[in-house]
Amino acid sequence: MARDASSPASQSAPELNARISTSSGHHRPAAKETTFREWMLANQIGISLTILSMILAVHHLYPSLNPYTAPFFQLSYYQPATGDYVQGWDDIYFIASSAIAFIAIRAIVIDWMLQPLAQHCGLKRKASVRLAEQGWLCLYYGFFWSLGMYIWSNSYYWGDFSAIWDQWPARNVSGLMKWYLLVQLAFWVQMLLVINIEERRKDHYQMLTHHVITITLFGSAYIYGFYNVSNVVLSLMDIVDLLLPTAKVLKYLKYETSCNVAFGVFMVTWLITRHIYYPQLCWSIYKDVPAKMAYGCYSGTTAEMTSTDAYPNRWQHLLYPFQDISGPICMNRTVKWIFLSCLLALQALSLIWFTMVIRVAVGVIRTGNAEEPRSDDEEEEEDVAGKDGPNGTAVPTDGSSADWRRANGSSNVRPRGRGRVRLGDQSDHKALLGRIGCDKPT
């Protein structure tokens, strides 16, 4: 019996594919191959917990290896005679494990706790991601700013920047201060990894520069025994990083008045802490360090001056504390200016960002609220991207979506940008609020 030419059995595979594609109205794109960065991002909780679990298992299953695994989970170099700690290279293991733990904790808090809570409050998916990211920062900075202020307010250098340098180069540090500094450093190491595995944002290189400077500055300050100044700098910086995400959370929850008040408090606090007190600290380094720290070389164990020659060689003396924690440590103009230059570089970045904050404040005054640079229409277009329209037709994701809606009888078309006061080019503002308003969700 002859087969019907139109029957599926009489057609080749290419012909069938062509008919299926024509009847469905659009082609299904091929699955995109996952990159290593995307795999890391999708599996950061599992990867982090697996690494920590393996180290912990080795620690408990092989007691003979405890001297090598213990530094990952506890502070090293305890001094029983004084009840304090000193620095050492084993601190790197504690920083590494803390950074890995931060990756897991951050992802768990964002993905499993704050984002579902935000969606329960009625936020759309992308807004819930943004709120969750800012909520995590609120939790982190709320805790560590409070801890930093507790340490500072109970110290002998509270209210007196010049007293910060009194006890240098004594290397002993309390357990609480050591834990605080190492965990803070681990947080910045974790952030350096996170910004490189997440989708890059407009201010990627600004933040990369900021993180590298911060890690270099606080890591070197820790090795040199500048614990007190690190505590003060972190306390001055962290309060701003706490108020900013608080304002963002209020924005996403649509508490516009509270958001604007929080934004105003944030601006005033930024001005006072980062551009009044922080420059005073830098001035203290410039003026008080030579008076409080006699230039010369000191013993790393007794903290007594061993030589008045502050330059025993050309450059190698700068690495003495890194090569041998118990070895000599030298103080001179070069050391002072290296640390002061790093602090001033952070001040330069803060000035750039504060200029952006002022531009946003102008928007608050002119429009009545701290509007994000991305319009609501943009988020709506992102939500429909990739969805199928009626009768199996694809909804375009570019600027022709409005024409598609009109052609298909939909009147729900909102003109972009109408009735909104712009403060400048929109592409500039997407970078503008990288730190102060609208991080692009991952």
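**View 1. C282, a buried cysteine in a predicted model.**

**View 2. The disulfide between C297 and C330.** Search the whole structure and you get one disulfide. It joins C297 to C330, with the sulfurs 2.0 Å apart. C297 sits in strand β3 (residues 296-298) and C330 in strand β5 (residues 329-331), so the bond ties together parts that are 33 residues apart in sequence. The link of C297 and C330 is right-handed, with 95 degrees about the S-S bond. Both C297 and C330 are buried.

**View 3. The second largest pocket.** Here's a pocket with a volume of about 420 Å³. It is lined by 23 residues, and the closest to its centre are Y156, Q167, N172, M177 and N228. Which elements give two or more residues to this lining? They are α6 (125-153), α7 (175-197) and α9 (227-252). Of the elements, α9 gives the most, with three residues. Sort the lining by class and you have 14 nonpolar, seven polar and two charged residues.

**View 4. The salt bridge of D241 and R274.** The side chains of D241 and R274 meet at 3.3 Å, N to O. This pair links distant parts of the chain: D241 belongs to helix α9 and R274 to helix α10 (residues 256-292), 33 residues apart. Is D241 buried or exposed? D241 is buried, at a relative accessible area of 19%; the cut-off is under 20%, so that value falls on the buried side. R274 is buried too, with a relative accessible area of 5%.

**View 5. The salt bridge of E256 and K251.** Here the side chains of E256 and K251 pair up, with 3.3 Å from N to O. E256 counts as partly exposed, at 30% relative accessibility. K251, at 13%, counts as buried.

**View 6. A salt-bridge network around R106, E133, E198 and R201.** Salt bridges with shared partners join R106, E133, E198 and R201 into one network. Zoom in on E198 and R201, whose side chains meet in a salt bridge of 3.5 Å, N to O. Both E198 and R201 are buried. How many salt bridges does the count come to? It comes to eight.

Methods
Residues numbered from 1 in each chain as written. Predicted model: local features only at pLDDT ≥ 70, side-chain atom pairs only at ≥ 80, totals over all residues. Heavy atoms only, no water. Disulfide = S-S within 2.5 Å. Helix = DSSP H or I, 4+ residues; strand = E, 2+ residues; numbered from the N terminus. Buried < 20%, exposed > 50% of the residue type's maximum accessible area, 1.4 Å probe, protein only. 1 Å grid on protein atoms, 1.4 Å probe; cavity = no way out; pocket = protein on both sides within 12 Å on 5 of 7 lines; lining within 4 Å. Points joined across faces, edges and corners; volume = space filled by probe spheres on them. Nonpolar A, V, L, I, M, F, W, Y, C, P; charged D, E, K, R; others polar. Salt bridge = Lys/Arg side-chain N within 4 Å of Asp/Glu carboxyl O.
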